[in-house]
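This report walks through selected features of one model. Please keep the sequence and the 3D view at hand while reading.

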Protein chains: 4
Amino acid sequence: MSDDYFPDVEQILYEGPDSGNPLAFKHYNPIEQVEGKPMAEHLRFSVAYWHSFCNGGADPFGSETRQMPWISGSPMDQARNKVNACFEFCRKLGVSFYCFHDRDVAPEGDSLKETNKNLDKIVEMLAERQEQTGIRPLWGTACLFSHPRFMHGAATSCNADVFAYAAAQVAKAIEVTHTLGGQGYVFWGGREGYKSLLNTDMARELDHLAKFLHMAVEHKHKIGFKGQLYIEPKPKEPTKHQYDFDAAACHAFLQKYDLDGELKLNVEANHATLAGHDFHHELTYAAANDMLGSVDANRGDLLLGWDTDQFPTNLYDTTLAMMSILSAGGFSTGGLNFDAHVTRESIDPVDLFHAHIGGMDAFARGLKIASAMRADGVLSDFVKQRYVSWDTGVGADIEAGKVGFEELSRYMLDKGEPEPNASGRVEMLENAINEYIR
Amino acid sequence: MSDDYFPDVEQILYEGPDSGNPLAFKHYNPIEQVEGKPMAEHLRFSVAYWHSFCNGGADPFGSETRQMPWISGSPMDQARNKVNACFEFCRKLGVSFYCFHDRDVAPEGDSLKETNKNLDKIVEMLAERQEQTGIRPLWGTACLFSHPRFMHGAATSCNADVFAYAAAQVAKAIEVTHTLGGQGYVFWGGREGYKSLLNTDMARELDHLAKFLHMAVEHKHKIGFKGQLYIEPKPKEPTKHQYDFDAAACHAFLQKYDLDGELKLNVEANHATLAGHDFHHELTYAAANDMLGSVDANRGDLLLGWDTDQFPTNLYDTTLAMMSILSAGGFSTGGLNFDAHVTRESIDPVDLFHAHIGGMDAFARGLKIASAMRADGVLSDFVKQRYVSWDTGVGADIEAGKVGFEELSRYMLDKGEPEPNASGRVEMLENAINEYIR
Amino acid sequence: MSDDYFPDVEQILYEGPDSGNPLAFKHYNPIEQVEGKPMAEHLRFSVAYWHSFCNGGADPFGSETRQMPWISGSPMDQARNKVNACFEFCRKLGVSFYCFHDRDVAPEGDSLKETNKNLDKIVEMLAERQEQTGIRPLWGTACLFSHPRFMHGAATSCNADVFAYAAAQVAKAIEVTHTLGGQGYVFWGGREGYKSLLNTDMARELDHLAKFLHMAVEHKHKIGFKGQLYIEPKPKEPTKHQYDFDAAACHAFLQKYDLDGELKLNVEANHATLAGHDFHHELTYAAANDMLGSVDANRGDLLLGWDTDQFPTNLYDTTLAMMSILSAGGFSTGGLNFDAHVTRESIDPVDLFHAHIGGMDAFARGLKIASAMRADGVLSDFVKQRYVSWDTGVGADIEAGKVGFEELSRYMLDKGEPEPNASGRVEMLENAINEYIR
Amino acid sequence: MSDDYFPDVEQILYEGPDSGNPLAFKHYNPIEQVEGKPMAEHLRFSVAYWHSFCNGGADPFGSETRQMPWISGSPMDQARNKVNACFEFCRKLGVSFYCFHDRDVAPEGDSLKETNKNLDKIVEMLAERQEQTGIRPLWGTACLFSHPRFMHGAATSCNADVFAYAAAQVAKAIEVTHTLGGQGYVFWGGREGYKSLLNTDMARELDHLAKFLHMAVEHKHKIGFKGQLYIEPKPKEPTKHQYDFDAAACHAFLQKYDLDGELKLNVEANHATLAGHDFHHELTYAAANDMLGSVDANRGDLLLGWDTDQFPTNLYDTTLAMMSILSAGGFSTGGLNFDAHVTRESIDPVDLFHAHIGGMDAFARGLKIASAMRADGVLSDFVKQRYVSWDTGVGADIEAGKVGFEELSRYMLDKGEPEPNASGRVEMLENAINEYIR
């Protein structure tokens, strides 16, 4: 096994909360049982190929800053080096999953044919490393947003040929994900939206997008891919309006086009906040509508207006997220993919470790805190009691469909005024969470 | 006809663009034909009872400022005065519609029975004034957000009695709207959301909301009300999350609960921007999904984070809105309701006239500009041409469902690369709009 | 001592982190020594009269919800009751300070004279209760934003008489604060700004505001008030633009008008975020410019666009705030005033206790965490090392003013390229904070 | 004169409002007199070298899209081609100014020495073209944000050598601007701020920034450069906090370090809105504090959270901007620099013409509208009257410093209540602006 790119970092181990070692887990103990399952099975962490092995720290105002020793040689050399870097990194970190775009792992060639050939070569290498390590894809996806051919969209391009190209690319990407034993496949509509409504036929574009997803579903079944398809909501970037704005927008779209049985959501924390929602909200909405599939674990800066993709370290966020995920029964095919990059100024390979360790520990603590609160019924008992009026009497009659406006009008005209409201006690509940963060 | 509250203001007349009279229309000429219909029928302006006759200018930091001579005497006296003020104002302004909440027109009594009696008395007076003037409701609605009994929601309250109370109130409000010949009925879920997820059962609340709307639909049909039901999207205010966040969230909800055949949207400009969307976007989305019902015409300040409900004066907004509305075939039951109030410092009754004249002229110009651009095909020809690749060849095959991923893969592997993309020409199109604003 | 309004709540005691009692402190132990001072002297908590005893839970969409048993009887009866409620509350909570606006404590009369008389009566009662309890004002202030007379501003009104009225009111408010032994006096320019630039002479208004503050300084010295004057930055509310937008805007204004020697800042967490800054940023900016005076401790919801004034419970915020405050040498006249209210749905008097206990515990934890990190040099050692190039060589020469562009040009033309940059290590530092939150 | 890069575009001419030619001015007539000066002298348009000749349309999610035929050959070839493209473009557009960063015009070499040599060669070519055309720099600046060496800042870097490098670079850039007859020099602190406060010594960094600017001032005087120095406010991008957040923050900084006599502001529309201010506000603030120097003319999308740098087409913005600029006496050294780029999808060279024509026409209309409103006193008469109470009586006494809190207290205790407030009439004034847009 290669050990070339992070020579100074040993295997990251669990050392417990009192360890002063920044390169150890203080909370993530993969074998620790929580609610009857080891932590590792609850959290199903995944490393994002693009951020960790392809992203050199460029931003709209400046060029790359990071030391990425694997970026050397020809494009195909770099692709091979990245495979080695990825597996070394995941192995040392103790993470069993990775996520990738087709173009992260292998470079474009001069034609689609050559591009596919490049991809096939690297996939072979990935498969071999997977065999050796047990590390495998949480999900795969296709990059349909970076190349200029996608500038007007992929499935929603005004250029029909671009739809065809995207179709060919996604067909291949699903096949490759299938080959690698990926547990899911994600659609993130990076350019599926508009820059300006002035030149856009929204209705026609939405129809095309639905057509595209139906073809993908058909293809998935045809090739026998059993993984889950996900759609990933995101607003505002890179187009001015993205059709997959938030969980509700995706929900509306999937229902309209009869796709809601086939796709679930991949919810990202920073995409949630860019859309004006708490991460917790998007997870709860997804769960309430049976659409919670997988999670892109990161953190935004709510005072900045773009996807900062910072590593998740906020214990409130991880606690509430794990509360939602545990309540929804946990992940099946999904997991926590670190769709996050170190800041542009974190230029050493070791910073990748600091960042992932911080995110993993933050989610491990979130899991333990959420589980403890669930065990004590801190929120759930309060909520159950709060809606108790719906369990009997007029509430139960309403839920059972036994009454309508006429019956309720008579009921209330007789009664005059509802039973008094009880305090919402939000401050007490907020305090309770703080008491569990320890 | 009473003429007590705006004695210094005469009938507002169309005087044309060169008039220097601030109390005249420069652009709104109700009888001027545009695309084969008089302006008045295109625009269907409505005055909002609550803002114009009930809102004294209080804000979270200060008390009422406005001179509202009709606010004197007992609550029922005030209610009668407001009727007079409303009809005098609408008549002088030349507006044929008004919109109201039940509690705008008549005060609550000591019991629901008495409250209903109060309402009946004022409805009788409204009906009489309507008879005399031809002015009638564009839509009615119920105030389910102001009284403390609704503090946890109405249909989504944790208190089942509050659902029952809301049911009784809405039953009555729909009946009253029917009596007054209202052309629609609006649901704005002022407290249908949550302040904190910590004490909230979102799934149960959404089920209750759907139950409530189904009951309303049933009641509407039972009493023979032919008006359109609308749901009005709004995010963030007054609860932290409103279930009707934006058009897409409403669309998702209505589909999930099989209500999309019965309710359309009442789209508000300022609600759109609070949700992170352009007004134009929300209208276009609604139209693309056959949900465009009516419009709350106002303007937000995009640098402020709440519903400022300013009068619509921005010609870009009114032009693009009228473009959407004309493209969707115009209003049938809906119209342009000025859900807007003068600023707290505009304390004279005449300010109400300035504000409405400005809004009406702005929409009249928007209508004329949009119509001229449509006649010249300024945007539509460009858009048609932009998607021309979808009208034949592979594009037509995709739209017709003749091809799938396999066929498209073969097509593109052969072709290698899509036809080149054309420029989006957004800057040229933006310039074109400016040329029509004259 | 009266014990009428919170009969079910006993004295709130420190019971330690393992206490399950929601009405006990788990972390705030007033006598615990931290960096050589008892917690109580570090934190100097203050209760806000307006939020806790005057605010009934009304919002722009609904009326008051809260049980406030002290709101009964005539306005002067209510004022007396509020005094009793305040002192009972502060005593049971173990808080030594309160903050007030003149109009919170006593109602307006029919003339300024009578208003002042009302105020004098209540001040007498406050003084008596202070004598009995040792509780005293952290700071006083005047309400120059609620009454319609201030609708165009107070010192910045276009109406010169309103400036005069505000002058009379502030003169009295400073005198009263002096009488009560207040440790400071705050200027929050609630209406000092503009709703629209179209009708505003900004330059003239700013001159008037400076004139007003100079008069206040002169008056303070004349009457022998030794308390600190503070200006409180806030953007956007209630006017569209507030002249005291943020710490930097206040800093610019105070310098321009030669007031920076006389006023420091009262920094509020939620005002910081509304202005687009982290709370931590505003504190650091204030400290860096020797302007850190006092703190309004609360929390905003960064997804909502207004001052939600929630209680501070976020441990990241309290930790970083206490880090700034400790680094700046701690409070002298200032303290932590809870400019926060319970949510509209928290309607029981006991909710006030939950809320304040949560805020006090959160700041006590923040203090302990910050102090522990300071003791270990977690951030400070890293920062010191990061700037080490400035301590010798060319860095020291630059700081000492020994070199200019010419010398530096020669130096760099010779050297060719700077020494390499080191990683910023932000992720590692973020992880470190999490390790101290336990 | 070369005519290679825009062969299909002829000289852009003024054809008047009825011209249907998209490649003609409808409003910008350089020789038309407005308020006694030709339009060209009022507006002083400038083309931004970086956006128009260097920016290929890459964004954080995708690579370059634009056809830029001048980008071919070696880096120095490209630099020479860009000079030709720039002068051809400015000439055909009829614009007399351009703005540039040092690295826009010439590439970095292997050492600072070689970089300077590259720059000198191109400056020679620029000087020659300037001689031939009369086109010259409105201002120059240095790129201190793109290269990784500046990742921690330039003047505010924790690495003292980077300060030295920046000093050498700015010394050269000012010299070059001087050589080319530039009318000003801009400091935009692209990385002068922090990504995280955790590793930052803000006070020390601010001192360094001040030191740097003092050195620049000294250098400017030493070499005899008479151009104006400007500082350009911008918040949030690319660092999380930029020290030059907004006009007020710059004002505070310049005053504190005694630099306010030497630097004025370069105000950018999109930077204003990112900081939470209207463009009009920042201009008015700058003018009120005698800091209005020059303008970066562009437009943001207020629903997007970053600097979209769109071309300015909004007539409200251009009208209010020109109102501020005319009121402040117009530009002396400054002008309107189009710091704007075409959208990523506008890929043809002709799109650059559409974009600039739109911006120039929008500002020409803004100028004509503002001038007409000034001639009619539409806003100014209203404002003068609104503050009339300050011209005599107590208002005049306050302004003259004749009274203090004691006198004003006596005055108001006698009077009891201020004179009534008048309506602010904002809606009427907003309508008036619409009437002038025609």
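## Strand pairing in chain D

Two strands pair if DSSP finds at least two bridges between them. The model is predicted. In chain D, strand 10 (residues 263–268) and strand 11 run parallel and are joined by 4 bridges. One pairing can be picked out by residue: D:Asn266 has D:Ser294 in strand 11 of chain D as its bridge partner.

Strand 11 of chain D also runs parallel to strand 12 (residues 336–338) of chain D, with 2 bridges between them. Here D:Val295 stands opposite D:Leu336 of strand 12 of chain D. From strand 11 of chain D the chain crosses through helix 11 (residues 315–327) of chain D to strand 12 of chain D. This β-α-β crossover is right-handed.

How buried is strand 11 (residues 292–296) of chain D? Of its 5 residues, 5 are buried, so strand 11 of chain D is largely enclosed by the rest of the structure. In a regular strand, side chains alternate between the two faces of the sheet.

## Chains A and B

The contact between chain B and chain A takes 76 residues from chain B and 76 residues from chain A. On the side of chain B that touches chain A, 41 residues are nonpolar, 22 are polar and 13 are charged.

How are the two copies related? Chain B superposes on chain A by a rotation of 180° with 0.0 Å of shift along its axis, and the RMSD is 0.0 Å. The two copies are thus related as by a two-fold rotation axis. In chain B, the C-alpha nearest the axis belongs to B:Ala252, at 1.9 Å from it. The same surface serves both copies, as 100% of the contact residues of chain B recur in chain A.

## Helix 8 of chain A

Helix 8 (residues 247–256) of chain A has 8 of its 10 residues buried, so this helix is largely enclosed by the rest of the structure. The buried residues are A:Ala247, A:Ala248, A:Ala249, A:Cys250, A:His251, A:Ala252, A:Phe253 and A:Leu254.

What do they pack against? Within chain A, the buried residues of helix 8 pack against helix 7 (202–223), strand 8 (228–231), strand 10 (263–268) and helix 10 (279–288). They also pack against helix 8 (247–256) of chain B. Just after helix 8 of chain A comes A:Asp258, with a positive phi of about 60°.

## B:Ile398

B:Ile398 sits in helix 14 (residues 393–399) of chain B. Is B:Ile398 buried or exposed? A residue is buried if 20 or more other C-beta atoms lie within 10 Å of its own. B:Ile398 has 24 C-beta neighbours inside 10 Å, so B:Ile398 counts as buried.

Leaving aside neighbours within four places in sequence, B:Ile398 is in contact with A:Ala160, A:Phe163, A:Lys211 and B:Val403. B:Phe150 is 248 residues from B:Ile398 in sequence, and their C-alpha atoms are 51 Å apart in space.

Definitions and conventions
Residues are numbered from 1 along each chain as its sequence is written. Chains are lettered from A and ligands numbered from 1 in the order in which they are written. This is a predicted model: local features need pLDDT of at least 70, side-chain atom pairs count only at pLDDT 80 or more; totals for chains, interfaces and linings use all residues. Two residues are in contact if their C-beta atoms, placed from the backbone, lie within 7 Å. Ala, Val, Leu, Ile, Met, Phe, Trp, Tyr, Cys and Pro count as nonpolar, Asp, Glu, Lys and Arg as charged, and the others, Gly among them, as polar. A residue is buried if 20 or more other C-beta atoms lie within 10 Å of its own, exposed if 12 or fewer, and partly exposed in between; C-beta atoms are placed from the backbone. A crossover is right-handed if, with the strands pointing away from the viewer, the path from the first strand over the helix to the second runs clockwise. Copies are superposed by least squares on the C-alpha atoms of residues with pLDDT of at least 70 in both.
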